[in-house]
Amino acid sequence: MERLDRLLSSRTGCSRKDAQKQIKSGAVTVNGAVCKTIDAKIDPDSDVVEAGGHALGEEYIYIMLNKPAGYVSATEDRRDKTVLDLVPPELRRKGLFPAGRLDKDTEGLLIITNDGEFAHRMLSPKKHVPKRYIAQLDGEITDDAKKRFEEGIIFADGTKCLPAKLQTVENSHNRAGTVEICEGKFHQVKKMFAVCGLQVVHLQRISVGNLYLDGKLPIGSCKKLTKLDIEQIFMGKLY
Ligand code: URA
């Protein structure tokens, strides 16, 4: 059993004080009846709690963000706007964080969640969840670059990357490539191309596992993922 004000605060991300205010104002119902008792005992598994007419969110939430350039993948930052600033109030929960990092200038699919175990499963190189990117380059992709990606790029400091797949994007005059990697080293894609003498001029993540960036999701917008979407992430292992 959990106190109503605590449940409301943890599921919506509002402060305990705000939760108590909402409860006292009569905006919260339990199993259809208004409940103004801030410490009412609630069974989160069986009681239906609604605030302002909306059912309380489930414990864990998974959000797809079409990340724009200019935002850092962090929960807070003293200088820059963070990806959490783009999460709309109705999707906010306590403990949200970006599952993995995209550079400040990288765009595309970023998953924001409050489920640490899920994030670990998605990000661990051992789980082999492929992440796909489209990279625009300052020069042409060669067969040699493709071969080096396939064999596992080695950075100047000796760090060896896992094998990756590089394909040229059609009609790009070999200046754009799709890259598939199963790990997330710092600036990995940019550094892999740099080893091949190419500079990434634009980078967008398009998928994680079999979950693709929703083409109808405007840049800078979020949408809540379904259970089925989450399952897609762990399908389509390639290596
Ligand atoms: N690789 C990069 O270099 N940057 C990103 O943002 C993601 C992968």
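Start with lysine 190. One of its backbone N or O atoms lies 3.0 Å from an oxygen atom of the ligand. Keep in mind that this is a predicted model.

How much of the ligand's accessible area does the protein cover? On its own, the ligand has 240 Å² of accessible area, and the protein covers 96% of that.

Two further contacts. Threonine 106 uses its side chain: an N or O atom there is 2.8 Å from an oxygen atom of the ligand. Glutamine 188 uses its backbone: a polar atom there is 3.4 Å from a ligand oxygen.

Now the surroundings. Where does the ligand sit? In the largest pocket. Around the ligand you find Leu102, Asp103, Thr106, Tyr133, His187, Gln188, Val189, Lys190 and Leu203. Sort that shell by class: four residues are nonpolar, three are polar and two are charged. Which helix gives the largest share of the shell? Helix H5, residues 188–195, with three residues.

Next, the sheet. Look at the strand order: S3-S2-S5-S6. That is an open sheet of four strands, and the pairing is antiparallel. Which strands stand at the edges? Strand S3, residues 33–34, and strand S6, residues 54–55. Each has a single partner strand, so one side of each has no neighbour in the sheet.

Let's zoom in on one pair. Strand S2 covers residues 28–30. Two bridges join S2 to S3, and the two strands run antiparallel. Find threonine 29 on your screen. Opposite threonine 29 stands valine 34, in S3.

To recap: the ligand sits in the largest pocket, and the open sheet has four strands.

Note on methods:
Residues are numbered from 1 along each chain as its sequence is written. This is a predicted model: local features need pLDDT of at least 70, side-chain atom pairs count only at pLDDT 80 or more; totals for chains, interfaces and linings use all residues. Side-chain values use heavy atoms; hydrogens and water are left out. Two strands pair if DSSP finds at least two bridges between them. A residue is near a molecule or strand if one of its heavy atoms lies within 4 Å of it. A polar contact is a pair of N or O atoms within 3.5 Å; within protein, one must be able to donate a hydrogen and the other to accept it, and residues adjacent in sequence count only if both atoms are side-chain atoms. Accessible areas come from the Shrake-Rupley method with a 1.4 Å probe; for residues, only the protein chains shown count as cover. On a 1 Å grid over the protein atoms alone, a cavity is a set of points where a 1.4 Å probe fits but cannot get out, and a pocket is an open set with protein on both sides within 12 Å along at least five of seven lines; lining residues have an atom within 4 Å of a point. A molecule sits in a cavity or pocket if more than half of its atoms lie within 2 Å of its grid points. Ala, Val, Leu, Ile, Met, Phe, Trp, Tyr, Cys and Pro count as nonpolar, Asp, Glu, Lys and Arg as charged, and the others, Gly among them, as polar.
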